Amino acid sequence: MNALANMAAEVPENPLIPPIPELVIGLIAFFIVFGFLAKKLLPNINKVLDERRTLIEGRMEEAEATQAEAQQVLADYRAQLADARHEAARLRQEAQEQGATLIAEMRAEGQRQREDIIAAGHAQIEADRKQAALSLRQDVGKLATELAGKLVGESLEDAARQSRTIDRFLDEVEAKAASDTTKAEAGR
């Protein structure tokens with residue numbers, strides 16, 4: 001128990017406060033390690049950090065420049081697209097105008113051709129009518145002369161007299177037909 005009593009009699013030591021020689025040796029070791037780190041390691045760490053900062057800033061500047069360029073390209077694209085739309089609208093309008101003009105020209109040409117065809121048809125009909133009337137005059141005259149010759153019993157071959165007789169007869173028939181047509185039209 002003696003040993004225990006001696007220990008109890010001694011001043012109790014504070015466990016949180018280390019002995020002075022250990023404290024001095026620890027502080028010297030700390031400053032040696034801190035000095036080594038400050039001289040050797042810290043400049044390398046700062047150098048790497050500076051390089052990373054420079055690299056990041058450079059990339060950010062490149063990204064901003066790329067973004068500005070992309071915005072410019074987008075604005076150019078939109079301007080070109082708007083110009084293309086305006087050009088397409090202009091071309092569409094021009095095509096519609098040309099189409100309308102072409103349609104009007106084709107209608108006018110068709111109308112002119114129609115009128116030419118109708119005029120040609122009327123001229124052809126008139127020519128055919130005259131040809132038929134002439135042919136009919138000749139045939140009727142010939143038949144009338146033959147019939148008159150058979151009735152009279154002699155030949156009526158005098159061409160001048162035959163022609164006058166036929167013309168007079170046909171003129172009377174035409175006049176009668178014209179007056180019948182006029183009466184029929186007046187009756188309507």
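Okay, so helices here are DSSP runs of H or I, at least four residues long, numbered from the N terminus, and strands are E runs of at least two. What you're looking at is a predicted model, where local features need pLDDT of at least 70, side-chain atom pairs count only at pLDDT 80 or more, and totals for chains, interfaces and linings use all residues. Residues are numbered from 1 along each chain as its sequence is written, and side-chain values use heavy atoms, leaving out hydrogens and water.

pLDDT is the predictor's confidence in each residue, from 0 to 100. The chain averages 83, with 85% of its residues at 70 or more.

Now, salt bridges: a side-chain nitrogen of Lys or Arg within 4 Å of a carboxyl oxygen of Asp or Glu. The count comes to six. Take R90: its bridge to E87 has the closest N and O atoms 2.4 Å apart, and both residues lie in helix α2, three residues apart, about one turn. R90 also meets E94, at 2.9 Å from N to O. Why are E94 and R90 about one helical turn apart? Because they're four residues apart in α2. Put together, E87, R90 and E94 are linked in a network of salt bridges.

How covered are these side chains? Buried means under 20% relative accessible area, exposed over 50%, and partly exposed in between, with a 1.4 Å probe and protein chains only. So R90 is partly exposed at 40%, E87 is partly exposed at 34%, and E94 is too, at 32%.
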